[in-house]
Amino acid sequence: RLRGGVWNQEKGDKVEILDAKTREKLCFLDKVEPQATIAEIKNLFTKTHPQWYPARQSLRLDPKGKSLKDEDVLQKLPVGTTATLYFRDLGAQISWVTVFLTEYAGPLFIYLLFYFRVPFIYGHKYDFTSSRHTVVHLACICHSFHYIKRLLETLFVHRFSHGTMPLRNIFKNCTYYWGFAAWMAYYINHPLYTPPTYGAQQVKLALAIFVICQLGNFSIHMALRDLRPAGSKTRKIPYPTKNPFTWLFLLVSCPNYTYEVGSWIGFAIMTQCLPVALFSLVGFTQMTIWAKGKHRSYLKEFRDYPPLRMPIIPFLL
Amino acid sequence: MAAAAATAASKGNGGGGGRAGAGEASSSRKKKGPGPLATAYLVIYNVVMTAGWLVIAVGLVRAYLAKGSYHSLYYSIEKPLKFFQTGALLEILHCAIGIVPSSVVLTSFQVMSRVFLIWAVTHSVKESGHISLKKEKVKNRLQTPLKTWKLERQTTVCQMAELKVQSEDSVLLFVIAWTITEIIRYSFYTFSLLNHLPYLIKWARYTLFIVLYPMGVSGELLTIYAALPFVRQAGLYSISLPNKYNFSFDYYAFLILIMISYIPIFPQLYFHMIHQRRKILSHTEEHKKFE
């Protein structure tokens, strides 16, 4: 601010942004508040380069270093009077919520196409017919319930730490979910479907497993949501609550994944369908990788992390 | 594709003897390389493989001279071919434990595609005289005074399948392509590991593929194509509904999908190798200029 004719040069830092690969000077920001966060700097950068909206900007102190967080404050960074930041384009981004809604709505809809035996899937004499096996109707209810639950959780329960992910992920994820849903649904709703070997007993047991795991998975999602207040990005160790389903936290870092695998195993037993078992296996593999990663970051972040806990399977994995 | 992938993914590396991702032959780049024990093992492995494929090459030549024709030479080298090509599965292990700096995924893909062609196509689609039994539904109409009856019964039909793939000329096409490629590739690795790579071997590796790759791919595709009628008729490796695991698999459709997958994959690998060739052979030329 101009005071008595003297321009105070101390107020406001300078920030220059260079391309991480070419070192080309992309932007020079004058008079940035020392208190400014990276998020605010990203917004200023977008003004000069509107095609790079903040979500696809990765700013870092070193061209090959880690991305700075949106909450980081300029003043607290190890820089001189002129801060040099390196920019990398993360590519087109899409919000997590959009990806989740799309990848979950697909299986819900696709399964129903097979359930109602829409034309051109099975022979024409089966168009719009209905299976005579109770378990087929039950399976449709379970599968649909599962994905409706996921959609509602995405809209009302989950608190995402990241806003966006790369655009290509939506194609990858949708191929996986939609592809497997179609593959499973084809056999379960097939006119030549064979019901489980052990009949009603098997179906009842499987249904019990499925329901318990769905409730468990939901309980964990609620517990994780309550761990983090709305709008914040705080990270805390999750602990068991009064809800017995959350007591699995005593043994496992990611009981939501444990319950999810359990649900699909239940569904596989209920339908006695090999593609369902394969889907459960692939899902289990992926969730184990995620659980191990989460477990590792818990251990790194919290010194007092409970030692008894395993990532996904109590005592084993 | 199996022929090309083997050459394509294994880009030349001065020292590591592996299928390096970047394939720089520059000596200014830091090379970690395997330890002395691993190097010794890899040298032995690559020498054995070179020798193995030489045995196959010699076997082909001798069989050709003895028979006087190039038809059905597969039978004379069937066993060493199966042994040494299957042995290449070890290369996946080498990548997994890190003594070879290549991607496990890429190596798995190329070795598996070779092994698939050897066992699941050439070996499985067997000799003539195969008898297949098929259940067929026979429909009849029976006319009685008051009603026309539609009858259906199942009978078992016995068929002789006179189809086989092993005596097809296409098999010879890919066997020759693979043999020449592998002899050069394994000797390339051997010499690289010993840090004494003759330019001729490097040149051969990055030039002969121009002919060998399309040759191998043609042989593979024609062989799969020749196998199709047999697979359809015998229901080879196929499961149909109904069954208690509610699963089905049509090997015939699967083979067709495999053939179609060559369309996107072949050009990519081929042009990648051409690009690599330009980079590596011109680089060596420059080095020679400054000597």
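Student: Which residues of the largest nonpolar core touch the most other members?

Tutor: The general idea is that, in soluble globular proteins, nonpolar side chains tend to be buried together. In this predicted model, the largest nonpolar core has 55 residues, and B:W53, B:L81, B:I224, B:Y251 and B:L255 touch the most other members. Among the elements of chain B that give two or more residues to this core are α2 (36–67), α3 (74–87), α8 (209–234) and α9 (251–289).

Student: What does B:Y251 touch, not counting residues up to four places away in sequence?

Tutor: With that exclusion, the residues in contact with B:Y251 are B:F116, B:A120, B:V121, B:V231, B:L236, B:Y237 and B:S238. There is also a second, separate core, made of 33 residues, and it includes A:Y104, A:F114, A:L151 and A:V276.

Student: How many helices and strands are there in chain B?

Tutor: Chain B has nine helices and two strands. Along the sequence their pattern is α-α-α-α-α-β-β-α-α-α-α. Of the 291 residues in this chain, 43% count as buried. Taking the contacts in chain B between residues at least 6 apart in sequence, one finds that 74% join residues at least 24 apart.

Student: How is the interface to be read, and what area is buried between chain A and chain B?

Tutor: The size of an interface is often given as the accessible area lost when the parts come together. Here about 910 Å² is buried between chain A and chain B, and carbon and sulfur atoms give 61% of that area. On the side of chain A that touches chain B, α4 (168–188) and α7 (274–301) each supply at least two residues. The residues of that side comprise seven nonpolar, five polar and no charged.

Student: How many residues does each chain bring to the contact, and how many residue pairs are in polar contact?

Tutor: Chain A contributes 12 residues and chain B eight residues. Between the two chains there are six residue pairs in polar contact, counting pairs with both residues at pLDDT 80 or more. The number of salt bridges between chain A and chain B is zero.

Student: Let us end with a single residue. Is A:R296 buried or exposed, and why?

Tutor: A:R296 is classed as exposed because its relative accessible area is 55%, and the cut-off for exposed is over 50%. A:R296 lies in helix α7 of chain A. Its C-alpha atom is separated by 8.5 Å from that of A:P311, which is 15 residues away along the chain.

Technical notes:
Residues are numbered from 1 along each chain as its sequence is written. Chains are lettered from A and ligands numbered from 1 in the order in which they are written. This is a predicted model: local features need pLDDT of at least 70, side-chain atom pairs count only at pLDDT 80 or more; totals for chains, interfaces and linings use all residues. Side-chain values use heavy atoms; hydrogens and water are left out. Contact means heavy atoms within 4.5 Å. Buried area is the accessible area (1.4 Å probe) that two parts lose on being put together, summed over both. A salt bridge is a side-chain nitrogen of Lys or Arg within 4 Å of a carboxyl oxygen of Asp or Glu. A polar contact is a pair of N or O atoms within 3.5 Å; within protein, one must be able to donate a hydrogen and the other to accept it, and residues adjacent in sequence count only if both atoms are side-chain atoms. Helices (H or I, at least four residues) and strands (E, at least two) are DSSP runs, numbered from the N terminus. Ala, Val, Leu, Ile, Met, Phe, Trp, Tyr, Cys and Pro count as nonpolar, Asp, Glu, Lys and Arg as charged, and the others, Gly among them, as polar. A nonpolar core is a set of buried Ala, Val, Leu, Ile, Met, Phe, Trp, Tyr and Cys residues joined through side-chain atoms within 4.5 Å. Buried means under 20% relative accessible area, exposed over 50%, partly exposed in between (1.4 Å probe, protein chains only).
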